[in-house]
Amino acid sequence: MSDCVDICPAWRVAVVNGSAAAADGTPGPVVRVPVSLRVNGAERRIEVDTRTSLLDALRDALGLTGTKKGCDQGQCGACTVHLDGKRVLSCLTLAASADGRDVRTIEGLERDDGAPHPMQEAFARHDALQCGYCTPGQIMSAVALIEEGRAGSDDEVREFMSGNLCRCGAYPHIVDAIRDVATGGRRA
């Protein structure tokens, strides 16, 4: 990344090595904006720095710590949430860009009666977790994968889950859990 990428005339802010700074190189102003999110079915209003990621807003401003911060660079998938029904990496999504949108986190997967989501049950049943750190992101991606209709075969599951890393190597069990839910317990 070059030293000075762009200068915004309205704020006289430049991006220097990935951080906002004034045109003369001094730290830029902290610009806070109101953000309204529908998180797990509930309206939430917060005020965030324009540079705040959705991940940090969920964890720090809203106390929803089920979504994990893994690499903070979009490479591991631990921070996967659903934004308007589509899976996204919350570490790469600005909170301000989610204003007025629906966000679903691992905390919002439980059924209306409080029971775990079928995917959560399948992960436990198939021992599809070890340390558990990647599990929330894995489960959020797995739920989206099924909703997207991309769980037709083990190879398809592996392909569309490839953005979610598991350092413990529980991949075969993760595939089994996803296929179990996708086939309604009738594993093909």
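Begin by selecting Cys131, which is exposed, with a relative accessible area of 58%; as you look around, keep in mind that this is a predicted model. The structure as a whole holds zero disulfides. Cys91 itself is buried, with a relative accessible area of 11%.

Next, turn to the sheet. Colour its five strands, and you can follow an open sheet in the order β5-β4-β8-β6-β7, with mixed pairing. At its edges lie β5 (42-49) and β7 (86-89), each of which pairs on one side only. Neighbouring strands of this sheet are turned against each other by 40° on average, when direction is ignored. To see one pair in detail, select β6 (residues 80-83) together with β7: the two run antiparallel and are joined by four bridges. Within this pair, His82 stands opposite Arg87 in β7.

Then bring in the helices that lie against the strands. Helix α1 (residues 54-61) lies across β4 (32-39), β5, β6 and β8 (102-104), and runs at about 110° to β5. Helix α3 also packs on the sheet, where it touches β6, β7 and β8, and its direction makes about 40° with that of β6.

Select Phe123 and display its surroundings: leaving aside neighbours within four places in sequence, its contacts include Leu129, Ile139, Ala142, Ile174 and Ile178.

Finish at Arg150, which is placed in the loop between α3 and α4 (154-160). At 33% relative accessibility, Arg150 counts as partly exposed. Its side chain is joined to that of Glu148 by a polar contact of 3.5 Å, and, not counting residues up to four places away in sequence, Arg150 touches Leu145, Glu156, Val157 and Phe160. If you draw a distance from the C-alpha atom of Arg150 to that of Met161, eleven residues apart along the chain, the separation is 9.7 Å.

Definitions and conventions
Residues numbered from 1 in each chain as written. Predicted model: local features only at pLDDT ≥ 70, side-chain atom pairs only at ≥ 80, totals over all residues. Heavy atoms only, no water. Contact = heavy atoms within 4.5 Å. Buried < 20%, exposed > 50% of the residue type's maximum accessible area, 1.4 Å probe, protein only. Polar contact = N/O pair within 3.5 Å; in protein donor to acceptor, adjacent residues only side chain to side chain. Disulfide = S-S within 2.5 Å. Pairing = 2+ DSSP bridges. Axes fitted to C-alpha atoms, helices over the stretch in contact; angles between N-to-C directions.
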